[in-house]
Amino acid sequence: MSILIKDLVKCFGTQNAIDSVSFEVKEGEIVGFLGPNGAGKSTTMKIATCYLTPTSGKVKINGLDVTERPEEVKKLIGYLPEHNPLYLDMYVREYLTFSGKVHGLRGIGLTARVDEMIRLCGLTKEQNKKLEALSKGYRQRVGLAQALIHDPKVLILDEPTTGLDPNQIIEIRNLIRSASKDKTVLFSSHIMQEVQALCDRVVVINNGKLVANDQIESLKLEENKAVIIKVEFSDAPAREGLSVIDGINKVEDMGKGIFRVEADANSDVRPAIFKYASDNDLTLVGMQQEEASMESVFHELTKPGQN
Amino acid sequence: MLQIFVKELNGFLNSLIAYIVISVFLTGIGLLTWVFPDTSVLEYGYADMETLFSLGPYVFMFLIPAITMRMFAEERRSGTIELLLTKPITDWQIIIGKYLSGWVLVAFAVLPTVVYFWSVWQLGDPAGNIDTAGVIGSYIGLILLGGIFTSIGILSSLVTRNQVVSFIIAVFLCFIFYSGFSSLAAINVWGPGAVLLEQLGILYHYNALSKGLIDTRDLLYFVSVIMAILLFTKMILGSRRW
């Protein structure tokens with residue numbers, strides 16, 4: 001059960017929403033799909049779930065082409081669309097039963113599956129409520145429950161945690177983690193910690209183009225070619241004094257005696273900075289080496305004007 | 001298809017829509033048939049149900065678009081259409097399921113008026129002095145007319161995500177299909193084409209059925225108009241893929 005996207009192009013009018021994107025999600029893998037708003041994440045997912053058809057290129061789910069055999073593909077996929085649309089006038093149990101029936105579940109099997117989803121998604125207390133009476137976090141759980149009702153092998157989740165409070169985010173994340181055992185998962189997000197916590201690999205797109213497709217660790221390494229050190233003095237020295245130190249490429253004055261120093265990754269310049277301070281009778285109050293976070297990687301990859 | 005049908009019908013029954021539609025139709029038709037002196041059977045003096053069958057279509061013209069206006073418009077506005085279209089069901093199953101649920105609701109509204117037939121039957125002098133064949137033909141015509149109006153309503157619901165716009169388009173199209181063609185045909189410019197134009201309208205075939213003559217040509221007209229409109233609906237629903 002894999003997702004294969006090859007040379008995918010989607011045009012809306014004259015605008016290319018997706019421009020020749022290719023990547024693969026292998027069986028059992030959890031892949032985070034990143035990109036700024038409007039980058040084409042949702043469009044890609046809509047094509048993979050047979051809602052839209054590509055202008056050109058192929059999307060294959062488990063080897064089945066989404067344009068040629070949509071009926072079979074739809075059976076394999078559990079999909080949670082962006083903004084989690086729900087029939088708000090239905091009851092939780094009624095809605096899950098309906099979703100199960102649409103997927104061809106019947107009788108005892110259906111009831112058992114609905115019960116299991118209610119238990120798994122923590123909806124036991126809410127199961128007899130109307131969907132419109134539920135809070136956003138619970139609605140999201142119902143959305144996930146409906147995507148999982150037929151035990152799909154491929155799970156496509158479009159921003160499953162957007163708009164939730166931090167506690168709910170953690171709950172939904174745990175839910176995704178426990179539900180996605182032995183499943184192939186593609187989920188989009190712009191919360192970096194989430195991607196770090198859940199994914200094996202990330203795919204980043206920007207302006208409809210693929211900009212990265214790699215393990216999180218190797219992406220971070222790539223970003224770490226230069227080391228950023230924040231140096232703080234109690235009284236401000238001249239900027240030029242710092243930049244002459246061997247290994248320092250760039251010094252940025254942040255004001256109030258704080259400098260942002262960019263240095264080569266393979267040489268540790270911290271002792272040299274300390275020595276410089278003591279030689280010039282400066283009081284060094286802080287020195288901190290920044291780790292490249294997923295945020296800065298994201299920021300770097302999706303800078304406007306890139307590609 | 002069955003799941004969509006059941007879901008939509010439950011939606012009608014769980015909200016007020018079904019009860020309001022049925023009670024408004026019955027109250028309106030009841031007042032016209034028995035109370036308002038201008039149209040009342042009691043004042044008219046003849047044992048027939050002309051009032052129900054001539055005014056029923058005009059009541060439907062407003063009630064049916066009100067039933068169907070939310071069917072696709074609401075799904076598109078709330079985004080649930082995406083959910084529905086990514087489930088393993090075909091476009092046809094969605095359309096037919098929604099269509100049948102609307103039509104069944106219309107049939108539920110018409111069903112209680114069978115009591116009127118019994119009443120008028122009893123009021124006849126002697127009892128039973130009523131054109132039974134005409135009444136049966138008219139009922140078939142009214143239900144089929146409801147079928148066309150429902151399909152027009154579904155189509156209008158799909159072309160916009162605004163329910164009010166959908167309602168207005170549907171009322172207008174129902175009017176054109178019902179009596180618009182006959183009225184247009186009355187303009188003295190068509191020559192021999194006037195008959196053809198009149199035959200395009202529902203009224204021509206509806207009147208033919210209400211004479212008690214159940215002609216396959218008239219039935220075929222109703223069935224083919226419904227199918228054509230639903231086919232058009234299917235094309236519009238499929239147009240997202242273009």
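Predicted model: local features only at pLDDT ≥ 70, side-chain atom pairs only at ≥ 80, totals over all residues.
**View 1. Helix α1(B) passing helix α7(B) in a right-handed crossing.** Residues are numbered from 1 along each chain as its sequence is written, with chains lettered from A and ligands numbered from 1 in the order in which they are written. The two helices span residues 2-14 and 91-110 of chain B; their axes come within 8 Å and cross at roughly 40 degrees. Axes are lines fitted to C-alpha atoms, for helices over the stretch in contact, with angles from 0 to 180 degrees between N-to-C directions. That makes α1(B) and α7(B) oblique to each other (under 35 degrees would be roughly parallel, over 145 roughly antiparallel, 65 to 115 roughly perpendicular, and the rest is oblique).

**View 2. Who meets whom between α1(B) and α7(B).** From α1(B) come Ile4(B), Phe5(B), Glu8(B), Leu9(B) and Phe12(B), and they meet α7(B) residues including Ile94(B), Gly97(B), Leu100(B) and Val104(B). Contact means C-beta atoms, placed from the backbone, within 7 Å. The residues of this contact split into eight nonpolar, three polar and two charged (nonpolar: Ala, Val, Leu, Ile, Met, Phe, Trp, Tyr, Cys and Pro; charged: Asp, Glu, Lys and Arg; polar: the others, Gly among them).

**View 3. Strand β4(A) and its partners β1(A) and β5(A).** Five bridges tie β4 (residues 56-61) of chain A to β1 (residues 3-12) of chain A, running antiparallel; Leu4(A) has Lys60(A) as its bridge partner. Pairing takes at least two bridges found by DSSP. Two bridges join β4(A) to β5 (residues 64-65) of chain A, again antiparallel, with Ile61(A) partnered by Leu64(A).

**View 4. Where chain B touches chain A.** The contact draws 17 residues from chain B and 19 residues from chain A. On the chain B side, α1 and α6 (80-85) are the elements giving two or more residues. That side has four nonpolar, eight polar and five charged residues. Helices are DSSP runs of H or I with at least four residues and strands runs of E with at least two, numbered from the N terminus.

Definitions and conventions. Left-handed = near helix turned anticlockwise from the far one by under 90°. Contact = placed C-beta atoms within 7 Å.
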